[in-house]
Amino acid sequence: MVKRSSYWWEAAPPVTVGEVAPVPAKADVVIVGGGYSGMSIGLFLARAGRDVVLLEQGKPGEHASTVNFGAAGRTIRPKFSTLQEQMGTETAIRIFTEAKAWMEFCFAFIHDEKIDCNVQRPGRLYGAHTPEAYESMARDLELQKKHIPTDGFMVPRAEQHTEIGSDTFFGLHVLADVGQLHSGRYFRGMRERAEAAGVRILSNCRADQFRRDGSLHTIKTARGTIQAKELVLCTNAQTGDQDSLLRKFRRRVLPIYSWTAVTEPVDQKIIDAITPKGRMMLESVLLYTGLRTVDEQNRLLVTARHLFHYPNVEDVARDVKAQVAGILPDFDKVKISHCWDGSFALTFDWLPHLGFDRDSGAYYQLGMVGTGVPSTVYFGWKTANRILGRTKDSETVFADRPFETKPFFHGGPHWILPLARTYYRARDNGARDRALKKYGRQTRPG
Ligand SMILES: Cc1cc2nc3c(=O)[nH]c(=O)nc-3n(C[C@H](O)[C@H](O)[C@H](O)COP(=O)(O)OP(=O)(O)OC[C@H]3O[C@@H](n4cnc5c(N)ncnc54)[C@H](O)[C@@H]3O)c2cc1C
């Protein structure tokens, strides 16, 4: 039997906090959304002496923050060359440099706060699905090296078996310093520290209406109304449509539905055959397959079948397994124990966003583009510093950038996504199949 719930909840289930507490009439700051973003902003503000109320429509952390893959990396989705072309060399350098900074900030935060969440830094590899994808990654890495220090390196196809048990890739791009963690225990540690710092967290308390009168925000919830000097929106892929302010941001984030699965404990020999150095794996296709270890129990965690909907968990577990085994044949020998779904938030420029919305007077930190495990606490520190008037410590290249939407896009799961899924799968799988037909599989030694 496959369990349909996040593996991270076994050790750290989401809990309701402050559920029966009345909604206070006033606060210095109201934060809407109780994931990593809202929780970290609340923590830093409360420690600076602000009276903070955090409103969460369900249980804190139960959405992206405890259903994710747990990679703490420095992923910037667009290529360095693309950003350089669009925004200039200096901005491209700042974006890539800050991604490294958010990763290091997150590791330092976990260390300083003594959060027990099994942080490790095994590195991550990206498998090239075609020779062209390998060449393109190699070119971009060379370009990056001219401008920023990086420990990334390329592994040609003939040597890739030292890194990954796959015979389908056409070489790899490795980032050796990237880490992984236990998402549930990380979130729990953050929530406990926010509570200890004095953040008043209200679970099952959805924010439904927003009004601004002079310098005060009035926020209406099903459980009462609260006024605050500052308002921060941290609703990410869960941004609703019940108010014009939410609708404005909902039009700017695309919720991407995806599946994650964890195996039963696996023989170490199988793990070594799949990932000899314990590195995380992603690939160069858009709708990628991902894999990492979950070391406390010798399990593997995988992600696949993005944008597919399934009513039955056994069916999705079967298809996830087949997709992963198509790339990593040894995965066929394992059994899946947990399988769950979740939505992460893409933006139209593929970059994370935070800033101050002049029209409403609200701060926002949402559209984290699958970087939020490490980036949210760094951005949370930046947002908190901005509210506290600490200008220098609030600077970030990601703040107040144009936050695009598209005509006719009103947010939420969109009819275009299944079409996009079909198109990108056909494009990427077709290219991979043609390359494998032309060059054959890379036979592994032994
Ligand atoms: C399957 C999956 C895999 C991922 N893998 C990775 C990864 O490996 N590495 C990585 O860096 N990132 C990853 N991510 C992304 C990462 O998890 C997110 O970027 C991060 O959790 C975002 O945190 P957040 O606090 O901004 O949003 P969330 O955790 O989604 O929190 C938003 C909260 O707002 C609440 N909310 C919404 N509207 C209201 C309202 N009106 N009133 C009150 N509350 C409201 C929601 O209930 C929710 O709890 C992944 C995400 C998913 C879904």
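The model is predicted.

**Entry 1: ligand shell**

I listed the elements first. H11 gives the most, with four residues.

I then took the residues themselves. The ligand is surrounded by 42 residues. Gly33, Gly35, Asn68, Phe69 and Gly372 are the closest. By class, I noted 24 polar, 15 nonpolar and three charged residues in the shell.

**Entry 2: domains**

I wrote down the division of the chain. Domain 1 covers 12-68 + 184-253 + 348-394. Domain 2 covers 124-176 + 255-346 + 416-439. Taken over C-alpha atoms, the two centres are 32 Å apart. The contact takes 13 residues from domain 1 and eight from domain 2. On the side of domain 1 that touches domain 2, I noted eight nonpolar residues, five polar and no charged.

**Entry 3: nonpolar core**

I went to the largest nonpolar core next. It holds 123 residues. The members that touch the most others are Val29, Val30, Ile31, Val52, Val232, Val320 and Cys339. Helix H5 (residues 89-112) contributes the largest share, eight residues. Domain 1 and domain 2 each give the core at least three residues.

Not counting residues up to four places away in sequence, Val30 touches Val53, Leu55, His217, Ile219, Ile226, Ala228 and Leu231.

**Entry 4: helix H5**

How many residues has H5, and how far does it reach from its first C-alpha to its last? H5 has 24 residues and reaches 34 Å. That is close to the 34 Å expected at 1.5 Å a residue.

I listed the buried residues of H5: Ala92, Ile95, Glu98, Ala99, Trp102, Met103, Cys106, Phe109 and Ile110. An α-helix has 3.6 residues a turn, so residues three or four places apart point the same way. I then looked up the partners. The buried residues of H5 pack against strand S3 (71-72), helix H4 (80-87), helix H7 (183-197) and H11. H11 is also the element that gives the most to the ligand shell.

**Entry 5: helix H13**

I ran the span check on helix H13 (residues 416-439). Its 24 residues should span 34 Å at 1.5 Å a residue, and the end C-alpha atoms are 34 Å apart, which agrees. Just after H13, Gly440 takes a positive phi of about 80°.

I looked at two residues here. Is Lys114 buried or exposed? Lys114 counts as exposed, because it has 8 C-beta neighbours inside 10 Å.

Phe408 sits in the loop between helix H12 (391-394) and H13. Phi of Phe408 is near 70°, again positive in a residue other than glycine. Phe408 is exposed, with 8 other C-beta atoms within 10 Å.

**Entry 6: Ala261**

I found Ala261 in strand S12. Ala261 is buried, because 25 other C-beta atoms lie within 10 Å. Leaving aside neighbours within four places in sequence, I noted contacts with Val302, Ala317, Val320, Ile336, His338 and Cys339. Val320 and Cys339 are among the core members that touch the most others.

How far apart are Ala261 and Phe69, in sequence and in space? The two are 192 residues apart in sequence and 9.3 Å apart in space, C-alpha to C-alpha. Phe69 is among the residues closest to the ligand.

**Entry 7: Gly198**

Gly198 is in the loop between H7 and strand S8 (200-202). Gly198 is partly exposed, with 15 other C-beta atoms within 10 Å. I also checked Gly198 against Arg50. They are 148 residues apart in sequence, yet 8.9 Å apart in space, C-alpha to C-alpha. H7, on one side of this loop, is also among the elements that the buried residues of H5 pack against.

Notes
Residues are numbered from 1 along each chain as its sequence is written. This is a predicted model: local features need pLDDT of at least 70, side-chain atom pairs count only at pLDDT 80 or more; totals for chains, interfaces and linings use all residues. A nonpolar core is a set of buried Ala, Val, Leu, Ile, Met, Phe, Trp, Tyr and Cys residues joined through C-beta atoms within 7 Å. A residue is buried if 20 or more other C-beta atoms lie within 10 Å of its own, exposed if 12 or fewer, and partly exposed in between; C-beta atoms are placed from the backbone. Helices (H or I, at least four residues) and strands (E, at least two) are DSSP runs, numbered from the N terminus. Domain bounds come from an automatic or database domain assignment. Two residues are in contact if their C-beta atoms, placed from the backbone, lie within 7 Å. Ala, Val, Leu, Ile, Met, Phe, Trp, Tyr, Cys and Pro count as nonpolar, Asp, Glu, Lys and Arg as charged, and the others, Gly among them, as polar. A residue is near a molecule or strand if its C-beta atom, placed from the backbone, lies within 6 Å of it. The expected span of a helix is 1.5 Å times one less than its number of residues.
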